Amino acid sequence: LNLKMNFTAEQEYPDLSQHSNHMAKVLTLEMYANLRDKQTSSGFTVDDVIQTGVDNPGHPFIMTVGCVAGDEETYEVFKDLLDPIIEDRHGGYKPTDKHKTDLNPDNLQGGDDLDPNYVLSSRVRTGRSIRGFCLPPHCSRGERRAIEGLSVEALGVLDGDLKGKYYALKDMTEEEQQQLIDDHFLFDKPVSPLLLASGMARDWPDGRGIWHNDNKTFLVWVNEEDHLRVISMQKGGNMKEVFNRFCTGLTKIEELFKEKGHEFMWNEHLGYVLTCPSNLGTGLRGGVHVKLPNLSKHEKFGEVLKRLRLQKRGTGGVDTAAVGGVFDISNADRLGFSEVELVQMVVDGVKLLIEMEKRLEAGQSINDLMPEQK
Amino acid sequence: MASSFARILSSKRKVGILSLVGAGSLTVGFFLNREQHVDAGAHVRRIYPPSAEYPDLRKHNNCMASHLTPAVYAKLSDKTTPNGYTLDLAIQTGVDNPGHPFIKTVGMVAGDEESYEVFAGIFNPVIKERHNGYDPCTMNHPTDLDASKIRGGQFDDKYVLSSRVRTGRSIRGLSLPPACTRAERREVERVVIDALAGLKGDLAGKYFSLTLMTEQEQQQLIDDHFLFDKPVSPLLTCAGMARDWPDARGIWHNNEKTFLVWVNEEDHTRVISMEKGGNMKRVFERFCKGLQEVERLIQEKGWEFMWNEHLGYILTCPSNLGTGLRAGVHVTLPHLSKDPRFPKILDNLRLQKRGTGGVDTAAVGNTFDISNLDRLGQSEVQLVQTVIDGLNYLIECEKKLERGQDIKIPAPISQFK
């Protein structure tokens, strides 16, 4: 830090003239000058926060965030930069707003009967960070290994439907690797420059691994983009069961961590704290793979999704296009709504989409079914 | 100091925070401001003991991994250079890139001039291995840029298609590409292009900044094979050299297109002298003249190149220490290249062959890139003379084989003169 003080803020300020990401929209020279002599207790600086956004100018059509957190304190020390980004990215969420956490699956209405003729699979994912440790862009090898150790220990206690096994990336056998690939569970070293530029892939594959239950319906990634990524999934349309398992598993894991004197990063303003500001709050993406060949061709499809606060993707993931009329439909929001509220939106929304699809199949209109803006 | 102390204790971090290294004095490294700057570098904060941080190098095959024992790591892991560069930063590229079973990479970089000293415990054995036994502790590196000492060096154009000499230079007082801040990098650019603007005669030229160049300029530089691109090799990107691209990067060349300088790519500067044909002597003369002129011009402004008597010119990668010099030609040797004794002849002459596409390419047809193997322990004049003498021998062999005469493998020449 002392080194950078040898030069003025102007001399250090990045050239953002070609840039189109949230960070570039917000980071003026004045703001940079105010933040550049600060750092978190672990030594994370504003330059560390923005490096990925400086190195990746962005795309004219896709607005990336351009910032990461190196630890929990980042969101506090650099709030002048991150608050406006959060507000812009999360639909106007203000620095004074409170985020509600609700992981009680009994609060979800319905969701067990999405038509399996249309819904092929259901899935809910989120992330968790262990308080007191630096996040993937900044953690040392010792910290990352400690995170792995604590996680494996906690997951090892799970039983019943959740009983499972951990596969460390650097120790897995060829057979184990192939099985994980076949199950679509294996994650690889990040190749996206968005992630590489922030330092998340350092020391790969040290301290990384995949845990899943014997039934292959509950999966945890350790030390990929976040400390933990937690996924509950199964074939068919029983989102209620998926969400039940999700909540039960998360709650159990949290208990196990607490027994050992650890907790997840959480506060009442930002909810669960994760590496990327886009995943704050619930960090939750709940969705289905659903067949909508007719509705997807309808001129109002986009508008319907927008009003339902849903988002479409191809079934290959965030950057893919849909194939054969099958879409990944999930909640668009992360922060400012609880887990139950978001999954409820998915359940209610997908039900409506299927109804519309059936109408169009029968050659009927969907105008009377158009929803209000949620 | 007292307030810093209180701040650390009241921090929210409760887990494992006070398992300290050393005598229990809390590190205040991250609260240092300029007035409290300590020459030897403050201790880096560690929450875990070195044994918990030591990288897993079991699958690795690079020079760093060969020499970074847990004991060496433990000794150096809490040290920093005055700029704050650490051992973990230096070795990151080697940890992230285990290497190849056949090609042994270096696996570490310097973030600043002081890195080679503060982390000598690992750099020295790496240097010794990479530079064939050169010991920085006991040996001195000769620098000699007097091109008038060169004998011969004008090859038959029938065999030699082009001649080239390259090296690098670092500006003392500014951090190297893995560690430099944006302002430092911009300062390197400013200092260098200021000096280059003072070059005259056949060296007069122009600078093309990567951020500002026009489409036409870009196309011309591509056609001239001058344009360098953002590094994609993970060896470089993992070391942090591509940060903030393309800020403060650019290419300078003289109007005659025979003298070229890259700014802020892998090193502060890379300097290249080249021309078509076999006049290596003239290429080296221009090389020396250009380098000496640039050095004089930066000295006028109070700057100098990083250099010391043990390591010669200081560059980012330990493989480029000493002269940082690679002098070579593109040469066709249709008969000799098919002779099974060719590799041994090259070896004894202390030469290396590459494809004409660069370090990782295979030769096409019978045309090779032939250059010096060594960088450190011999002077520029000695290395270029080695290339010239070696090439003369190779061309003689080629001619003999053309005439149906036999050739001999030469005696190996000595490594350190």
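Student: Why is the meeting of Arg182(B) and Asp47(A) called a salt bridge?

Tutor: In this predicted model, the side chains of Arg182(B) and Asp47(A) come to 2.5 Å, N to O. The cut-off is a side-chain nitrogen of Lys or Arg within 4 Å of a carboxyl oxygen of Asp or Glu, so the pair qualifies. Between chain B and chain A the count is 3 salt bridges.

Student: Which elements of chain B give two or more residues to the side that touches chain A?

Tutor: They are helix H2 (50–53), helix H5 (87–96) and helix H8 (182–196) of chain B. The residues on that side divide into 16 nonpolar, 7 polar and 17 charged.

Student: What makes a residue part of this contact, and how many does each chain give?

Tutor: Heavy atoms within 4.5 Å make a contact. By that rule, 40 residues come from chain B and 38 residues from chain A. There are also 20 residue pairs in polar contact across the interface.

Student: How do you know what area is buried between chain B and chain A?

Tutor: An interface's size is often given as the accessible area lost when the parts come together. Here chain B and chain A bury about 3,100 Å² between them, with 43% of it on carbon and sulfur atoms.

Student: What makes a residue count as buried, and what percentage of chain B is buried?

Tutor: The cut-off is under 20% relative accessible area. Of the 417 residues in chain B, 54% are buried. Chain B itself has 13 helices and 10 strands.

Definitions and conventions. Residues are numbered from 1 along each chain as its sequence is written. Chains are lettered from A and ligands numbered from 1 in the order in which they are written. This is a predicted model: local features need pLDDT of at least 70, side-chain atom pairs count only at pLDDT 80 or more; totals for chains, interfaces and linings use all residues. Side-chain values use heavy atoms; hydrogens and water are left out. Helices (H or I, at least four residues) and strands (E, at least two) are DSSP runs, numbered from the N terminus. Buried means under 20% relative accessible area, exposed over 50%, partly exposed in between (1.4 Å probe, protein chains only). Buried area is the accessible area (1.4 Å probe) that two parts lose on being put together, summed over both. A polar contact is a pair of N or O atoms within 3.5 Å; within protein, one must be able to donate a hydrogen and the other to accept it, and residues adjacent in sequence count only if both atoms are side-chain atoms. Ala, Val, Leu, Ile, Met, Phe, Trp, Tyr, Cys and Pro count as nonpolar, Asp, Glu, Lys and Arg as charged, and the others, Gly among them, as polar.
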